[in-house]
Structures are given as structure tokens and as C-alpha cells.
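Here are my notes on this one, as numbered points. Have the model open while you read.

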Amino acid sequence: MRQAVPWVLLACVLAYDGYAVATGSNYTLRVLSVAGIYAIAALGYQFIFGHAGALALSQGTFVGVGAYASAIAAVRWGLPFDAALPLSIGLPVLLAALIAIPVLRLQTHYFALATLIIGQIVQLAATDWIGLTGGANGIGGIPGLSLLGAPIRNGWPTLALVWSTAALGALIVWAVMRGRRGAASAIMRANPVAARAVGIDTARLRFVAFLLSAAFAGAAGSLYVHVIRVISPEVLSFPVMVTILTIAVIGSRLRIAGAIVGAVLVIEMPEWFRFMRDDYLLAYGVILLLVVVTIPEGVVAAAERLFRAGTAPAPPRAADRTFVFPGAALEIHDVRRRFGGVTALDGVSLSVRPGEVLGLIGPNGSGKTTLVNAITGIFPAQSGTIRFAGTDVSRLLPHRIARHGIARTFQTVALVDDMTALDNVALAAPGTWRTARGGAMVLLERMGVDEPMRRCGELPYGMRRRVEIARALASRPRLLLLDEPAAGLNETEQADLTRRLRELARSGLSMIVIEHNIPFLAPLADRMICLDDGRTIAQGRPAEVQADPRVIEAYLGQLAPAAP
Amino acid sequence: MIRRAAILALLAAAPTVVRAAEANIPVLVPITGFLATEGTSQRNGALLALRNPPAGVTAKYDVTDTGTSPEVAVNALERAVSDGNVTAVVASMLGTQMLAMLPVALENRVPLTTMSGTAEITQKGNPYVFRFFPADSVVKGAQVRYAIDTHHIQKPAVIYQTTAYGQSGHAEIDKVLAANGIKPVYEDALDVSVKDMQPALAKAKEAGADSLLLQLHGGPTALLLKAAAAMNLRLPIVAGSGLSQASTVALLESAELKGVCGETGSSPISAETPGMAKFLDDYRAAFKSDPDGFAVGQYDATMMVLTAVKDGAMTAADVTKALATTRYPGLAMTYKSDGKGNMAHSAVIICFDGTSRTPNVVKHYEFPAE
Amino acid sequence: MLLPLALNVLALGASYALVALGFVLILNATGAVNFAQGDLVMIGGFVTVVLASYLPVPAIVLLPILLAAMAALGVLIALAAYFPLRNRPPEAVFISTIAVGIILQNAATVLFGPEPKAAPPLLGVGEFDFGGMFVSRQSLAVIAVATLLIGSLYTLFAHTQFGRRLRAVAQDREVAAAIGIPVDAMIAGTFAVGTALAGAAGLLLANTFFVTPTEGANYILKAYIAIVIGGWGSIPGAVAGALLIALFEVLYPSMPVLLPAVGTGSGLFSQNTSTIVLDVVILLTLVVRPQGLFGEAIRQRP
């Protein structure tokens, strides 16, 4: 039922298109053609704004650049629509690649401003470079659409070409975002750090999303300029960007049907309000605000929620293989890390043998999580070396380290609530999406997760912990870092977890387990290390470390700071 | 005469006897966005004519805002012509929108009347476009010639806007100056968002300018004149049509306007003729504001269409033919197509004497169609 | 030349500072960008024009009425566009305030007409004569009023219970709620103050520079840039950023006059080049120092 919602909505749009063709004047057909063009731009915008989760305000600029490329090619060199299309797509992609280098790594509002400013520069250039762009007057007399030399008339032929292109675009989005890339984007939006920790190159994912956005925008721009047949810097102005953003938000930013339904709604809406005369734009603003406020997830996602079915699709079959995890050795030598004036790691050295479980204890703020962050490259060590399986990994980026075979879990569970347990695990697994999901089933069974098709947000807390460990295992690690895995678990669950972790260690996996819960840790760990103030203060067998007076003092000092 | 009108009105009220000729004239102009002020004048001029058509004609009309984007203008035109039976269209004064609407007008064979000054719209060989405001070549010719005739300028500074209006006007100004062997000593292009005019003025002065030729929209024209007065610049200023708008003048003190001149198609507020005086009164009564050259130009254009209908033009084709071939004495001037759709061939120069905000028409320039 | 130029910079910068301050206050309290801030400046200008048509007094007298009206509008905007989305990501508010901007701009066109309008001067027109240097009274009054407003805002923040609570909310909303601060009321209050500041800027700017319904976009960009230059979330930074933008805007195009050696002929110092240069400078700032020139006041937790 839920799967049917976008199809029903799409069918409505198609029926409306059909109605327009059957009964419509040129006017209805033209407005719908323009809506189709915006749908293409919005489909592309979903890559960066929806899937990559970056508030880019450059989509309008890319549309404009694509439009100018086609316009100039048509008027100056006589190139028809189809011949100039590669240029219209290529130029915005090139621009996107160029500006991505400095701005793509910026955070939300900085990124938004940077893209806004780039848009302003491009618009000023189009206004000032009169020789090329015709300046503020723009370029008129652009020929209409044509394919392979055959002109495409106004009215239904244009409508058909525009909407076939939109359908092709939708197909591309579907093909690109289904499976692994979609799941990887979801975890990147939910928690970029966790995404990198499972080996996802988030910078690359964002970069590709940005280029795809620009490509779609370029195609939309090319269609636009041959349908409207004039161009001026107005196409580069902020209102065009706002229209695309509005379409994405009203339609639903992650749904293909959302871009299409949104485009038809947003482009047609002002026409419906024409009867209000001077107030129609005011009404448009009010409706926009109402929609954004009442259904912020967009109409398609909201409709899906209304029809959300109780039955989940059947899980894929578990792969036949059972996993073994051959462990590898970790050697840490004299690692240091400072944050501002605070020394978090002050020359830590330790080693883990293959198949060994190392317990890491220490009072709050002693540097345990910082050490894990240093090993996984999230906050790299400022000095010292970290060698893993014979390679120095201390200067590598987090996703590279993850791909070397170091996996981790987080203190607070970092899963995508809106995605199934299965897909949360599969996104970290190698191979094709099908084999990744098959493998994920094995790991979920192994961790005792019995409802793999439930969305993670609906699972109980203990289950979510297990899903997270399964995800860490999915990348076939040789070293597993667990940050307080027992936190929030009851005693039965703790015992169950100990059993499963020991089993993994028996198969050869090396592990570092951070834990305050000594009764949980002591039977699990082969060896324990205690950190205090960023230094190792004790190490040895669990019983020895527990009895060490320095360890007791460190913990006591935290419990009773006023003690003499 | 009165009896004749009464009889006609009676006849009109009795459709079974004789139908009054009906004209369907959609009004598609920008009333929001950056050309809203000019577009509103254009709309008001059209409305005044449509609400008071010549006896024997009834006018049907619908006003649609075209905003600033070409696609909205095209959509509006497609919608207007979709029910057939359009007599003529009052079309946007925004050049880009006109260029976008031209192919649609050609396809549907409906005449467009416009106030757009953009040269290109009448250079496409499209027989359905009729420009009732003097083209840039006419008004800019008047502006430069007046500056040369009156102030004997040698080293003008040209300050214009980075909009279609500004850039087209600037190109024409430079052309006319060059034809007179004059080269501007300073040129500056300003975005409409520029608020502080002092740098531009100071640079013009520094460059040794002996006069200022402007091609700015209304608001920026007022900003510049204010800044010039504050700086005590004392250079002759000949402005573009931005100065002729009542809303521009309302922003300035009379003293700040002293000695400033500008070009426009016509100056209804100066009420030079009894017809114009009546137009001024009617306009003020209807819209509670003062008309400018765009308003009277579009009034004349719409009246010419309505008059053609009264004289028997039944279809868009008839009206197109009438617009293309007849001579029409309007309030502002006599209109006659040059064969390309340019209907207006004269411009006026208005000047302020510093005692009031009402300008005087100091000079008429005629540029007969070639 | 220099004294009037410096006063221009200060008057413009002080007005921009009010806009940027309103922007940063709301940003700090909610973590969200209020994209309608520029349109609120425009509304402030038009409300002043309308008030002046009923009360023909100097604008300084109208200021308290305007501040009250704008504060009320601010609360309304918080209710309509912020509170329903408080648990959504910050982009949601970004978009809802874009919608508010569209509403304000079109409401202004419908209510006040598209033409530029001028508000009355703060005290009166004319110039002061400083030994041959003529200085506009309006510029001086703008600087004085803006300084007064910024000063009272500082006092409000540093020395009142309201200010302390506001800062607590900006620091950590959950903690603030836990210690009994009425967080919602505080946020509504922030919208009131932020909107009132934008309105005040509108009043100050609308005499010299007029007001039109479409000019909001210009001001929001300036405020945004000022905040980035000054450090995301930093209040003194916002003021400094605004002054720097004004300095650049006035001085850069005047370079050929200030330094005749560079010549007036080249397009290097045109207004558009000036905008492009400023844009490029901001981009470089973002790339090299994403935390702004004065550091980031809102710390992003790792």
C-alpha cells in the first residue's frame, strides 16, 4: 500500500497531462511543459539537497548556466537543442566541480551563503558581459525545440519531449539512488561521522551528488531556453532558486514522485490563484508557508505516512557463508592530541594482538573516546604513530581507515532511524547491494536481531545496539572498537552480548572495548588498560588492573573529589 | 452629438436591435517586481481607456501580472489568447518579456501594443508588434540633442543602470554622442540596489565631466539627484524617462530638482493641451496618483485599438491592419507606424524650475519615420 | 571629502549593524537563519512612511511606535514560521522564513504600491557646518540613533535578567529549560527584538535611500555576509562585519577619487566590480577561515 502511493500520485500527474493534451489549449500545455522542466531541475536538486542533505542555493544558477550555454550555442553557432545539450549539461557540471573544491566541505549555513554568493557572481557576469550574453536585455530569437533536425512543435509535442526527459531523469535518479548509494546517503545525513566510520567516503558522495544536480539543472536549462525562446539574467535570479527549493520541499525532498508532484503543484498554483488579481502572489506565499509548516516532510512523504502498511516486505535470504574475522594487530606509540588548551591524549602507547579483547577503562574525560577517535581518524593524533596490520594509519582519512579493517560503534547509537535494520547493516558491507544485504542478514542473525525489516527507530534500545555492532561487522573488520556497548542494557542482555562478542573473538577478531561496567567487562576482556588524564596508568589482566591502587584512586578521585 | 451618443447607448442597451462592437483586450503588464512602477502606469493608462471606450464600443479586459520572468509573460499571453476572440493585447513594457511573447503573437495572429523601448522588438520583422512609446533611438536622440543644443556639452558623464532599460539606453546615448563627435569622459553602470550615489558623482567630477546624462530607473534617479544637490555638484543634468515619473519627483524637494531636465514621450502632468488636461483630471480621479508618459502612451495605444473597433475592425486581423496603416491623433502625439511597428516618433524634454514639482515642457523633438 | 565619506560609512554601517544584530539574535536563540530579515527592513521603512502620513512629525518621534509594531510582528512570525518547526532541522525554518519574505514583499506591494517612498528625516533636513565641511544632519542623527539602539541592546544583554536568560537559551536550550527558564517566551522575545531592530534599520534607511517592496533581498545578503565575516553567532562580530561591509561599499567605488593615481577610466572600480570583489573576498574568507574573522561563537560539537 505504501509503495503504491507514489505510483498513484504519478498516475494523477500523468492523467492530468493526458487531460491537458486531450482538452487543453496551448496555454495548459505550455504551463505543464514548464512544470516538467522544473521537475527535471528539482529531481536533480534532490541529489544535493535531499540525499546529500546540503542546503545548496546554486541549482538556479546551474539551470541558468545550462540555459545560457544552449542560447549562445543556438544564436551564435546555430546549434539546435539536441546538439547543444551536451554543452548545456557539461558547463554547469564543470562549474559545479570547480566550486565544489572550496565550498562543498562547508557547513549548512556557510554552504548556503557560499552558493548564494556564487549565484550572484554568475548573474553579475551575465549582466555585464554584454558581448557574449546580450547583457540585461539577454538574447532573443532562440529557435524552438528540435530533435535530429526535426522541429518539435509547441503544444503536445513539446509537452511529450519535456515529460519524457523528466521520466528519463526520474529513472536515472531511481537507478542511482536505489540500494547502496541511497543507504549510504541516509547514514551520511543522519550522522556523517558514523558514515565515515563505516568506510563511506562522504566527501565523494557529496561531490557526486553536487555534479549530478548540476547535470540535471543543465538539461532543464536547455529545455527551458528552447521552450521560452528568450533568455535574460532573470533566469539566474534568486526567485528561480526559490521555486526549485519550494518544489523540493513541498513535494518531498527524497521522493522521485515528490519532485514531479511538487513541480506541477508549484508551477500551476500561481495560475490557479490568478482570480485573486493583485493578491495572487500573496496567496501563493501564504499557501507555501502553510504547507511548509503543516507538512514539512512534503506531500508525498505525508501521503505515504497516511497509508503506511503494517506488513513489511520479506527479508532477503541470508547468505550461506558464515563469516570469520581474521584479526590483525594494532600498535599505538606515544599518541598525543590536544583540543585548545586541553591535553586529551598525553603519550598513549598500547597494543592489541590478533584475536585479543582489550578492555579500556578510566574515569570520565580520561581520553578513552578520544583514543578511539584518534584510531579511527575522526580527530587524528597530532603526534605519535598508529600502526595497524603493519601499515601506518595515523594520517589516513576516517573512511580509509575503516576500509583498512577498523570498525567501531558509538557511545550513542548512530543508526538511520528511518531505514530498516537490514539496510543499516548492508550499507557497510562490500559487494553488490544484493550480496551486501544477504551478508547483512547473516550478521543480524548472528547478533540476535530477529526483526531485520523493522525500521531502526521502532526497535528497542538493546536491539539497536546489536544492529550497530552488526553494521560494524559488515565491513569485515579485523579490529572492532566498541564504545560502551553495554550502556543501557539489562543483565540478561549484557550476558547475551558477552557471549556473542567472545564468539567473535574466538573466530579471530581483535577488539577494544570501552566500558565503565567492570562486571560486564572483566569476563569479556583478555587484558585491561586504564587511562587517566590521557595517560596509561595501569595495564594487565583484568583482576590485576581492578586491584591496582592507582586505578582505584583515579576512580575514587572522580567519585569523591573532596576526599583528602 | 449628444443625441447621437444617446441613441448609440440606447442601441447598445438593446442587443436585439444592433450589437455594440465588442473589443476583448487583455492587459498583460508587470505590476510586481522591479518594473512594477512603470508597469502600473502602463496598466492604469490602459484601464482608463478600457473603462471609457469610444461610444458604440464595449471593452472586455482582464489584467494579468507578468512579474519579471519571460515564462510568466508567455503563459499569460497563451492563456489570454486561448479562448480566441482577442482583439489586441496590452503587452508588457519589459523587453525580454516582449521578445518571448512575439512568437506567440505571430502564431496566434494577435497584435501587441507596448511601451517597451527595447530596439530589438521591432527589428524582428514581426508584423504584430506596435510600440507606442518612442523607441530608445528617439528619446535618447532627444536627450543628447537637448544637452548639446542647450548646454553645449563636450565632456559628458553617462550614468546608467545595469538593467535592460539602462543598457539599451546607454548604447543609444553612446551612438548619438559618437554621431556628434563627442566621447563621454566617464561612464558608470549601477545596479538598482546601489544606494550611495556619491562615489559615482565624485568620479564623474574627478574625470572632468561638464554634464551628466542619466539612464536610471525612477528611484535611483531620485537618489542621484539628491546626492548631486547635497554635493553641490552644479553640473547640467539631463535625465532619462525615470525623471518623468510622478513617484520619482515625489521623492525630491523642489530645490533639489532645480535646473534638472529629462526626456520622455510626453508629459501629461504639464497639461499642455485641453485633451491632456482632461486626461490628467480623469487619471487623478481614477487612480489617486499622477500619470506619466507611459500612462498616456498606453492610453493612446488602447484608444487607437478601440477607435479601430469603432470604425469597423471586427477581428484581430482588422485591428492589426488598422494599427499598421492608419494615422491616429492621440493625446501625446500623432501615431503612425514606420512599417516596423514603431508608432511614436517624437519626444519631449521636461525641465524643473526649482519652484514646484511640476515640470515644464521646454522642447519637442520630432524624428519622422524614415 | 574624507569626513563626509567617513560619516556615510558610519551611517550606512550602523544601519546594516541593526539588521545583522537582529539576524544574529534570532540565529543564536534558535539556531536558524531568518531569511525574512531583509524584508522586515523594508516593512519597517513602509510602516514609517505610513505612520508619517498620519502623524507629520520627525521620524525620531515615530521610532517607539514603530519598534512596538515591529516587535508584535516579530512574535507573529515566530508563531507562524518558527514554533511549528522547532524540532525540525534548521533548513526548515530557513524555508519557512523565505515564505514569510514572499508574503511580506507582496503584502507591501499590495498595501503600499510598488513605487519608492521616502520616510521623514529623523530630526530635520539640512547640514551642519564644521568649519567649511558640510555634514548632513540626517547622517549624524542616524549614527546617534543606531548607536543608542546598539547600546541599549548591550545593556539589555549584559545587565538584565532578560538578557541573562536569553544568553542561557542561546547557549543550550535544554539546559535553560531544565533550570526553569521559559524558553518559548524567550525565543518569542528574541524574534520581537530582532524584528524591531530590522524595523529600526528600515526607518533609518528609508529617508536617505527610500524604500521599495523588492529591496529586502539586498539587505538579507548584507546581514548574512556581515555575520559570516564577524563570526557565526558573534554579536560584536555582527556589528564589526556590518561596518566592514559599509566601509567597503563606500570606499571601494570611491578609490579613483581618493587615490587619483588609479584613474577613473577603468571599470575596475565600478559598482558591479565592487560587488564581485566583495563576494570573492567573502568566499575566500569562508574557505580559509570558515569560523569567520573573529571566530565562531556557536561551537559545533564534534
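1. A word on terms before the helices: axes are lines fitted to C-alpha atoms, over the stretch in contact in the case of helices, and angles run from 0 to 180 degrees between N-to-C directions. Helices (H or I, at least four residues) and strands (E, at least two) are DSSP runs numbered from the N terminus. Bear in mind that this is a predicted model: local features need pLDDT of at least 70, side-chain atom pairs count only at pLDDT 80 or more, and totals for chains, interfaces and linings use all residues. Residues are numbered from 1 along each chain as its sequence is written, while chains are lettered from A and ligands numbered from 1 in the order in which they are written.

2. Start with α7 (residues 156-177) and α10 (residues 202-228) of chain A, which pack at about 180° with their axes 11 Å apart. The pair is therefore roughly antiparallel (over 145 degrees; under 35 is roughly parallel, 65 to 115 roughly perpendicular, and the rest oblique). On the α7(A) side the contact uses Thr158(A), Val162(A), Thr165(A), Gly169(A) and Val176(A), and α10(A) answers with Leu212(A), Phe216(A), Ala219(A), Leu223(A) and Val227(A). Contact here asks for C-beta atoms, placed from the backbone, within 7 Å. By class that is seven nonpolar, three polar and no charged residues, where Ala, Val, Leu, Ile, Met, Phe, Trp, Tyr, Cys and Pro count as nonpolar, Asp, Glu, Lys and Arg as charged, and the others, Gly among them, as polar.

3. Next, the loop between α7 and α8 (180-190) of chain A, where you'll find Arg178(A). Is Arg178(A) buried or exposed? Exposed, because it has 11 C-beta neighbours inside 10 Å; the cut-offs are 12 or fewer other C-beta atoms within 10 Å for exposed, 20 or more for buried, and partly exposed in between, with C-beta atoms placed from the backbone. Its C-alpha sits 9.2 Å from that of Trp433(A), 255 residues away along the chain.

4. Chain A as a whole has 23 helices and 12 strands, and its C-alpha trace spans about 85 × 50 × 45 Å along the principal axes. Of its 564 residues, 56% count as buried.

5. Over in chain C, α2 (residues 37-54) and α4 (residues 90-112) pack at about 25°, axes 9 Å apart. That angle makes α2(C) roughly parallel to α4(C). Among the residues that meet there are Leu40(C), Ile43(C) and Phe46(C) from α2(C) and Leu104(C), Ala108(C) and Phe112(C) from α4(C). The contact divides into seven nonpolar, two polar and one charged.

6. Against chain C, the contact takes 32 residues from chain A and 34 residues from chain C. Here α5(A) gives the most to chain A's side, with 10 residues, and that side divides into 24 nonpolar, five polar and three charged.

7. Against chain B, the contact takes 25 residues from chain A and 26 residues from chain B. On chain A's side α2(A) gives the most, with five residues; the classes there are eight nonpolar, nine polar and eight charged.

Notes. Two residues are in contact if their C-beta atoms, placed from the backbone, lie within 7 Å.
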